[in-house]
Every structure is written in C-alpha cells, then in structure tokens.
Amino acid sequence: MARRVRRHDPDRRHRIVDAAVRVVERDGIAGLSHRAVAAEADVPLGSTTYHFTDRDDLLTAALQRVNDAWLGWFEAWVGDVPPDEPPAEAAVRLLDDCLGPRRAQTRLEYELYFAGLTRPAVRPLAARCLDDMAALLRPLVPDEHTARAVIALLDGLLIELLLTGRPHDRDRTREAFARLVPGTRTGSPRAASTG
C-alpha cells in the first residue's frame, strides 16, 4: 500500500484567510462556513478546522485581513492629500473613491465591521481599526478629538449612502466638514493649528 505523502504548504493558512474574505464578499457573513471556505480555497475541510477552530476564528482572520488592506489604503490616501487642500475637499474625494471604484471593498469592510454588533470576538478588531484611522488622520486635523469626529462623520455618510443608494451630495459633505472643522472652506486646519 502506497503511503500518501503530505505536501508542505506553508501558505495554506494565508490562502484560507483569502478564501474566507472572498466567501464573505460573495455570500455575506451568513455564508461563511468552514465548508464554504475549504471549497473556495481548494483545500481539505480538515485544513480549515486545523487553522481555525470555529467560525468566529475565520471571521476574525478575514476582518483582520480586510482591516490591514483598508488601513494601508487609508494611510496612502492621507499621505497623498496635498498640504494646501482643505480637509473638506479631501473628504469629498475619499467618499467618491469609497462609493465609486472602491464600492465593493467598502461594502465588504462594513459587513465585517458590523459583525461586531453580534459577535464579541470581532469587536476589538473593529475598535482598533477606528483607533488606527484616527491616528492616521491626525496630521490633517487640529487634534485627536477632531480626528475621531471626522472618522464618525465619514462612517455616517458612507453608511447612509450605501444603505439608501442616494448619490453623493458633495456640497453637503463640504458643509458638514466645514461645520466640524472650522476654517476648512478656505484653508487647511494644519496651517491653522500651527499658528
């Protein structure tokens, strides 16, 4: 009887997480299961249960992967904001990106983010993502409190527009940010905060 040789597959865990993200993107969190992920990753079912003890482990790994990608994109976006661009205009561009070319990714991010409402294991990752976003945004606004308020406003606008399907009203976004960060109509609060 021939012995089956176990193939060394150091990237298997990584591929399983990628597959979990694709399953959630395609079928939502309700469709996430070890069986669905194993089929998507083209690995034996035992591989998913070896690396991830339960569904929450899979979900947490998927959220971490999505958060890492989102924060990498957000950090690059913040770094590309011109020094003289008012944050209100930057916010308009951010929403346009998230609702346009990044719409599918934005929906996935919120689907995983809201899993924290019913799955306590996911909450620390969602909270950490918000903290990291506020820290990354800090160079564009006067203080940490404003950074957190801006993140809350961005979240609120994105959720509203994703749920309603309404078009992005850029003037409304500009007005909201001008109220939140005084002086953003005519100049950058970076300049105002140093003066």
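For the residue classes used below, Ala, Val, Leu, Ile, Met, Phe, Trp, Tyr, Cys and Pro count as nonpolar, Asp, Glu, Lys and Arg as charged, and the others, Gly among them, as polar. The model is predicted, so that local features need pLDDT of at least 70 and side-chain atom pairs count only at pLDDT 80 or more, while totals for chains, interfaces and linings use all residues. Residues are numbered from 1 along each chain as its sequence is written, and side-chain values use heavy atoms, with hydrogens and water left out.

**Exercise 1.** Describe the lining of the largest cavity by residue class and by element.

*Solution.* A cavity is a set of points on a 1 Å grid over the protein atoms alone where a 1.4 Å probe fits but cannot get out, and its lining residues have an atom within 4 Å of a point. The structure holds 2 cavities of 30 Å³ or more, where a volume is the space filled by probe spheres set on the points, joined across faces, edges and corners. The largest cavity has a volume of about 180 Å³, and of the 14 residues that line it, W70, E109, Y110, M133 and D155 lie nearest its centre. Two or more lining residues come from each of α4, α6, α7 and α8, these helices being DSSP runs (H or I, at least four residues) numbered from the N terminus. By class, the lining divides into 10 nonpolar, 2 polar and 2 charged residues.

**Exercise 2.** Determine which element supplies the largest share of the lining of the second largest cavity, and describe that element.

*Solution.* About 80 Å³ of space lies in the second largest cavity, and its lining has 11 nonpolar, no polar and no charged residues. The largest share, 4 residues, comes from α5. Helix α5 (residues 87–99) has 13 residues and spans 18 Å from first to last C-alpha, close to the 18 Å expected at 1.5 Å a residue, the expected span being 1.5 Å times one less than the number of residues. P87, A90, A91 and L94 are among the residues lining this cavity, and P87, A90, A91 and L94 are also among the buried residues of α5 (buried is under 20% relative accessible area, exposed over 50%, partly exposed in between, with a 1.4 Å probe and protein chains only).

Notes. On a 1 Å grid over the protein atoms alone, a cavity is a set of points where a 1.4 Å probe fits but cannot get out, and a pocket is an open set with protein on both sides within 12 Å along at least five of seven lines; lining residues have an atom within 4 Å of a point.
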